[in-house]
Amino acid sequence: MHRIQRTTASRLRPTPRPVQVSSEPMRILYVAYALLPVSDESCGGAEQMLWTLEREIASAGNATTVAATTQSRIAGTLYPTGAPGAGSLESTQRFDAGHHARTLELIHVREMIGRGFDLVHDKSGSFFCNARKLDVPVLATLHLPRYFYPKAAFSNLPDNLYFNCVSASQAKTFEGIPNLLGAIPNGICLERFPLKMEKKDYLLWIGRICEEKGAHIALDLAEKLDLPIVIAGQVYPFSYHQRYFEREIVPRLERLGGNATLVRTPSFEKKLELLQNARALLVPSLVDETSSLCSMEAAACGTPVVAFRCGALPEVVQHDLTGYLVTTCDEMAAAIQEIAGISPRQAHEYAQVNFSAKQMAASYLRVYEELADRSSSRIRPHLAA
């Protein structure tokens, strides 16, 4: 494998300062995805990032409200818009429509009683299409690759709608979209992912159990190397996700027998245990990932990551420091066998400097304040870069 020079702690960026408590608290509405609850046990990256960000912004003295499904657990005020999705769904249109309508109703009622929001932060991936109906700034964080969004979503945009990405590589693919403010990298609550030096022998794959995340590839690698593996995650209530699980994952689990363990929808405590003890976290994604929270969490725990070199993964996984970046399954198998060359302590130290939720929240708070200042000069592009 190609190796790059190992980065030392002395060459890393200085530790970011904590989020400053705002002298004038803002009223911020976060809009979550329509089908899934928001908590520290959420499987999706957007839900995890919303939980983390809202927690930090609320702790800085701001009034936060989250429009999300029931069962969500947040720091501020929950405005429940419906129950989480269940069963086998062919479409989310009905859920989105109800979620959007109830969220718009909340915004208008708050305006009528003189407690309107200063800003709406859309984390749902679709609510921003309603920005034209609102009189407040709307910031939409784009969590997905550009080709996952309908082209029409970025046409005829209103002046009060702004976008940000979560990685530099993702931002490049959205160049040309009006009011794109740049990239704010995701962060994690570092204190919740302590270093563990001693590792066990199992491989770990964690996330949404769907084809583009490559769980079947991880299982095939474990079989090839005759190593135990844990698949931890959630099958979303989409029919094509469930068909993938039955077609590609179940037969492999059965073939591996006692060498494979499935952990459905792990609690935070279980996820932490798995991350801390794994020999390596595998990230064999088949799409251009825009970030990778599980790779950040693994690094914080001192657990090496072996990932395909695609999308933003090279921005998160530091080759030869926090893990290895590869391009083929054969290279991934070879990297797993060399994983002892990764220092848990150095991976942990890199995470401490580079993956701070407080740094992420401070960046968002600066954007919020500028967007909410209606008398400010024109918003500068890339102010969060």
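## A buried glutamate in a loop

Glu-212 is found in the loop between E8 and H4. The model is a predicted one, and in it Glu-212 counts as buried, because its relative accessibility is 18% and the limit for a buried residue is under 20%.

Once neighbours within four places in sequence are set aside, the residues in contact with Glu-212 are Phe-148, Ser-285, Leu-286 and Val-287. Val-287 lies 75 residues from Glu-212 along the chain, yet the C-alpha atoms of the two are separated by 5.9 Å.

## The chain as a whole

The protein chain contains 11 helices and 13 strands. Of its 385 residues, 59% are buried. Among the contacts with a separation of 6 or more, 69% are between residues 24 or more positions apart.

## The six-stranded sheet

A further open sheet consists of 6 strands, again with parallel pairing, in the order E10-E9-E8-E11-E12-E13. Strand E10 (260-264) and strand E13 (323-326) stand at the edges; each has a single partner strand, so one side of each is left without a neighbour in the sheet. The twist averages 20° from one strand to the next.

Helix H5 (residues 239-256) lies across E8, E9 and E10, and runs at about 145° to E10.

## The cavity and its lining

A search of the whole structure finds 1 cavity of 30 Å³ or more. The volume of the largest cavity is about 120 Å³. Its lining comprises 14 residues, of which Gln-48, Trp-51, Thr-52, Phe-193 and Glu-297 are the closest to the centre. Helix H1 (45-59), helix H6 (268-277) and helix H7 (293-300) are the elements that give two or more residues to the lining. H1 gives the most, with 3 residues. By class, the lining residues divide into 6 nonpolar, 4 polar and 4 charged.

Lys-271 lies in helix H6. Its relative accessible area is 9%, so Lys-271 is buried. Apart from neighbours within four places in sequence, Lys-271 is in contact with Gln-48, Phe-193, Ile-206, Pro-266 and Glu-297. Gln-48, Phe-193 and Glu-297 are also among the residues closest to the centre of the largest cavity.

## The buried residues of H10

Helix H10 (residues 344-354) has Pro-344, Ala-347, His-348, Tyr-350, Ala-351, Val-353 and Asn-354 as its buried residues. Residues three or four places apart on an α-helix point the same way, because there are 3.6 residues a turn. The cover over the buried residues of H10 includes H7 and helix H8 (313-316).

## Positive phi in two loop residues

Gln-71 has a phi near 75°, a positive value in a residue other than glycine. Gln-71 is placed in the loop between strand E2 (63-68) and strand E3 (77-80), and with a relative accessible area of 60% Gln-71 is exposed.

Asn-179 likewise is not a glycine and has a positive phi, of about 60°. The loop that holds Asn-179 runs between helix H3 (168-173) and strand E7 (180-183). At 31% relative accessibility, Asn-179 counts as partly exposed.

Technical notes. Residues are numbered from 1 along each chain as its sequence is written. This is a predicted model: local features need pLDDT of at least 70, side-chain atom pairs count only at pLDDT 80 or more; totals for chains, interfaces and linings use all residues. Side-chain values use heavy atoms; hydrogens and water are left out. On a 1 Å grid over the protein atoms alone, a cavity is a set of points where a 1.4 Å probe fits but cannot get out, and a pocket is an open set with protein on both sides within 12 Å along at least five of seven lines; lining residues have an atom within 4 Å of a point. Grid points are joined across faces, edges and corners, and a volume is the space filled by probe spheres set on the points. Helices (H or I, at least four residues) and strands (E, at least two) are DSSP runs, numbered from the N terminus. Ala, Val, Leu, Ile, Met, Phe, Trp, Tyr, Cys and Pro count as nonpolar, Asp, Glu, Lys and Arg as charged, and the others, Gly among them, as polar. Two strands pair if DSSP finds at least two bridges between them. Axes are lines fitted to C-alpha atoms, for helices over the stretch in contact, and angles run from 0 to 180 degrees between N-to-C directions. Contact means heavy atoms within 4.5 Å. Buried means under 20% relative accessible area, exposed over 50%, partly exposed in between (1.4 Å probe, protein chains only).
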